[in-house]
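Please walk through the packing of this structure, residue by residue and then helix by helix.

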Amino acid sequence: MTEVKRRNGLKHTQTLKERLLESAKQTRTLALQMAPCRERENLIREARLAETTAVLEEWMRSPGLSSPD
């Protein structure tokens, strides 16, 4: 028999955009506390990616899909 996978039923209290922006804020704060190094640059890149994803997610959900500014 095949086992059916089920979702864990997790209910988010924040929107995806809010979660992405909070993650970006925390990651950037952590990165700015570090001395300049490769790991710090990776964290800054990760924060920037989360911010960009939040903007794109909002754009995709907008009616009419107008181009981003």
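T27 counts as buried because its relative accessibility is 10%, and buried means under 20%. The model in which this value was computed is a predicted one. T27 belongs to helix α1. Setting aside residues up to four places away in sequence, T27 touches L43, E46 and A47.

A24 is another residue of helix α1. With a relative accessibility of 1%, A24 is classed as buried. Apart from neighbours within four places in sequence, A24 is in contact with A47, A50 and E51. The C-alpha atoms of A24 and R48 lie 6.9 Å apart in space, while the two residues are 24 apart in sequence.

T29 also lies in helix α1, but its relative accessibility is 41% and it counts as partly exposed. That class applies because the value falls between the limits of 20% and 50%. From the C-alpha atom of T29 to that of I44 the separation is 9.1 Å, and the two residues are 15 apart along the chain.

T15 is found in the segment before α1. T15 is partly exposed, at 43% relative accessibility. The C-alpha atom of T15 is separated by 9.9 Å from that of A54, a residue 39 places away along the chain.

Now for the partner helix. Helix α2 covers residues 38-61, which makes 24 residues. At 1.5 Å a residue, α2 should span 34 Å, and the C-alpha atoms at its ends are 35 Å apart, so the two values agree. The buried residues of α2 are R40, L43, I44, A47, A50, A54 and E57. These buried residues pack against α1, which runs over residues 16-32.

E57 is one of the charged residues in that list. E57 sits in helix α2 and has a relative accessible area of 14%, so it is buried. Which residues does E57 contact, leaving aside its neighbours within four places in sequence? They are L16 and K17, both of which belong to the α1 side of the contact between the helices.

How do the two helices lie relative to one another? The axes of α1 and α2 come within 8 Å and cross at roughly 160°. An angle over 145 degrees counts as roughly antiparallel, and α1 is therefore roughly antiparallel to α2. The crossing in which α1 passes α2 is left-handed.

On the α1 side, the contact is made by L16, K17, L20, L21, A24, T27, R28, L30, A31 and L32. On the α2 side, R40, L43, I44, E46, A47, R48, A50, E51, T53, A54, E57 and E58 take part. Sorted by class, the contact holds 12 nonpolar, 2 polar and 8 charged residues.

Technical notes. Residues numbered from 1 in each chain as written. Predicted model: local features only at pLDDT ≥ 70, side-chain atom pairs only at ≥ 80, totals over all residues. Heavy atoms only, no water. Helix = DSSP H or I, 4+ residues; strand = E, 2+ residues; numbered from the N terminus. Expected span 1.5 Å × (residues − 1). Buried < 20%, exposed > 50% of the residue type's maximum accessible area, 1.4 Å probe, protein only. Contact = heavy atoms within 4.5 Å. Axes fitted to C-alpha atoms, helices over the stretch in contact; angles between N-to-C directions. Parallel < 35°, antiparallel > 145°, perpendicular 65-115°, else oblique. Left-handed = near helix turned anticlockwise from the far one by under 90°.
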